[in-house]
Amino acid sequence: MFELKQRELDKIKSSVHKKKYIKNYSFDELSAELQQIGEETYRASQIFDSLYFNRLETFSEMSTLPKDLRVRLSQIYTIGSLQIGKKRTSQDGSIKYLFDLDDGKNIEAVYMPWTDEEGLLDRSTLCISSMAGCPVGCAFCATGTLGFKRNLTPTEIIDQIFLVEKDLKVKINNIVVMGMGEPLLNYENVLKALNLMTDEKSKIISRRKITLSTSGIAPRIRQLADSPNPPKLAISLHATTNGQRNLIMPISKSFDLTKLMDSVEYYYRQTKIPITYEYILFDGLNDTDMDAERLRRIALRVPSRVNFIPYNDISFTNPQGIAKELKPTPMERIYEFAEILRKQGVAVIVRDTYGSDIEAACGQLALSEEN
Ligand code: SAH
Ligand code: SF4
């Protein structure tokens with residue numbers, strides 16, 4: 001009895017996997033797909049409305065389409081890609097989601113509400129993932145210790161927004177691609193997801209409200225600069241010399257500070273969008289007065305802002321080598337360091353450790369789940 005049930009379940013599972021995620025297609029691609037199965041292309045508009053405006057989750061609900069088309073679509077495509085696995089709310093109001101993918105892997109997203117002085121919600125940010133795991137392996141990052149699992153599809157990237165909006169009944173008005181993974185090493189899918197989110201017809205969010213964070217894949221930064229609708233760019237800098245950076249970010253051996261900064265300058269020249277630098281302060285490693293002076297020179301190359309991020313300790317991952325040595329700079333030194341740069345004309349922000357009580361830093365919940 002059990003065996004039969006299991007076999008049936010496996011069959012259903014494999015048939016789901018053979019189906020294609022319909023949200024992986026741009027409007028033009030979907031029109032072409034419909035043409036291929038002998039349908040009128042104006043149906044693409046109706047399907048887009050159903051998916052992105054009405055947020056329908058089954059084809060049978062798409063009442064603007066004839067019944068036989070709904071059946072045909074459901075035989076070829078599937079709509080949703082994620083399930084909420086776990087959800088944890090922090091004392092500061094941020095909420096961390098652990099999502100299950102169809103193949104059992106996990107990714108994370110963090111919701112961060114921002115309130116005005118009267119406590120009213122005036123901005124809500126969602127930090128989304130671009131990969132399950134990450135191949136870059138930065139010494140300070142919990143996602144890095146997971147290694148690379150796989151790239152996310154455009155659907156899986158977009159569904160993080162859809163599920164959180166549905167679950168919290170809120171409208172996300174700011175997206176940061178700063179969760180698990182290196183978005184510029186999943187360039188095609190991430191760009192497609194960004195294009196779908198900002199498409200005239202889907203109107204999920206405006207391009208000016210999206211920030212993509214990268215560890216510094218220089219050639220891809222240039223490529224993104226030349227794309228039709230580039231997002232805001234954040235660079236995970238975290239060091240002011242190649243020697244320091246090589247120690248904590250192995251990607252720096254492929255794209256050193258000269259290559260990285262040339263690509264950043266190119267990004268600014270092409271897009272005219274100011275750059276954000278992220279800088280985690282590590283005690284005694286990158287927080288000296290000389291670092292402040294080198295950082296000033298880097299930051300003033302193009303209009304920019306530097307975010308100082310307190311290091312979220314990942315000693316629970318049992319780090320080895322240099323990772324074991326990394327310690328957070330005390331808060332008072334972080335403020336002092338920021339002040340040195342502020343006085344020299346650099347725009348700086350000291351960022352809170354949002355959701356530190358719920359392991360909200362990149363990859364931490366997924367890792368504790370895996371262990
Ligand atoms: N791969 C991209 C985006 C994801 S990481 C990148 O590296 O930019 C998002 C941000 O979280 C990066 O700035 C990263 O350096 C930071 N981060 C990772 N681990 C952290 C930790 N333990 N404490 C504080 N920030 C961390
Ligand atoms: Fe990957 Fe970014 Fe973590 Fe580095 S900091 S391992 S690039 S997710």
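**Figure 1. Residues around ligand 1 in the predicted model.** Of the 19 residues around ligand 1, those that come nearest are G181, S213, S236, H238 and N312; a residue is counted here if one of its heavy atoms lies within 4 Å of the ligand. By class, this shell holds 9 nonpolar, 8 polar and 2 charged residues. Ala, Val, Leu, Ile, Met, Phe, Trp, Tyr, Cys and Pro count as nonpolar, Asp, Glu, Lys and Arg as charged, and the others, Gly among them, as polar. This is a predicted model, in which local features need pLDDT of at least 70 and side-chain atom pairs count only at pLDDT 80 or more, while totals for chains, interfaces and linings use all residues. Residues are numbered from 1 along each chain as its sequence is written, chains are lettered from A and ligands numbered from 1 in the order in which they are written, and side-chain values use heavy atoms, with hydrogens and water left out.

**Figure 2. Polar contacts and cover of ligand 1.** A polar contact is a pair of N or O atoms within 3.5 Å; within protein, one must be able to donate a hydrogen and the other to accept it, and residues adjacent in sequence count only if both atoms are side-chain atoms. A polar backbone atom of G181 lies 2.9 Å from a nitrogen atom of ligand 1. For T214, a polar backbone atom is 3.4 Å from an oxygen atom of the ligand. The side chain of S236 places an N or O atom 2.6 Å from an oxygen atom of ligand 1. Taken alone, ligand 1 exposes 530 Å², and the protein buries 93% of that (Shrake-Rupley method, 1.4 Å probe; for residues, only the protein chains shown count as cover). Strands β10 (210-214), β12 (275-281) and β13 (304-310) are the elements that give two or more residues to the shell. Helices (H or I, at least four residues) and strands (E, at least two) are DSSP runs, numbered from the N terminus.

**Figure 3. Salt bridge between E165 and R55.** The side chains of E165 and R55 meet at 2.8 Å, N to O; a salt bridge is a side-chain nitrogen of Lys or Arg within 4 Å of a carboxyl oxygen of Asp or Glu. E165 belongs to helix α6 (residues 154-168) and R55 to the loop between α3 (43-53) and α4 (67-76), 110 residues apart. E165 is buried at 9% relative accessibility, whereas R55 is partly exposed at 26%. Buried means under 20% relative accessible area, exposed over 50%, and partly exposed in between (1.4 Å probe, protein chains only).

Figure 4. The closest N and O atoms of D103 and R150 are 2.7 Å apart. D103 sits in the loop between β4 (95-101) and β5 (106-115), and R150 in strand β8 (residues 148-151), 47 residues apart. D103 is partly exposed, with a relative accessible area of 35%. Salt bridges link D103, K105, R150 and E156 in a network.

**Figure 5. Salt bridge between D289 and R333.** These two side chains meet at 2.9 Å, N to O. Because D289 lies in helix α11 (residues 289-299) and R333 in helix α13 (residues 331-343), the pair ties together parts that are 44 residues apart in sequence. D289 is exposed at 52% relative accessibility, and R333 is buried at 18%. A search of the whole structure finds 21 salt bridges.
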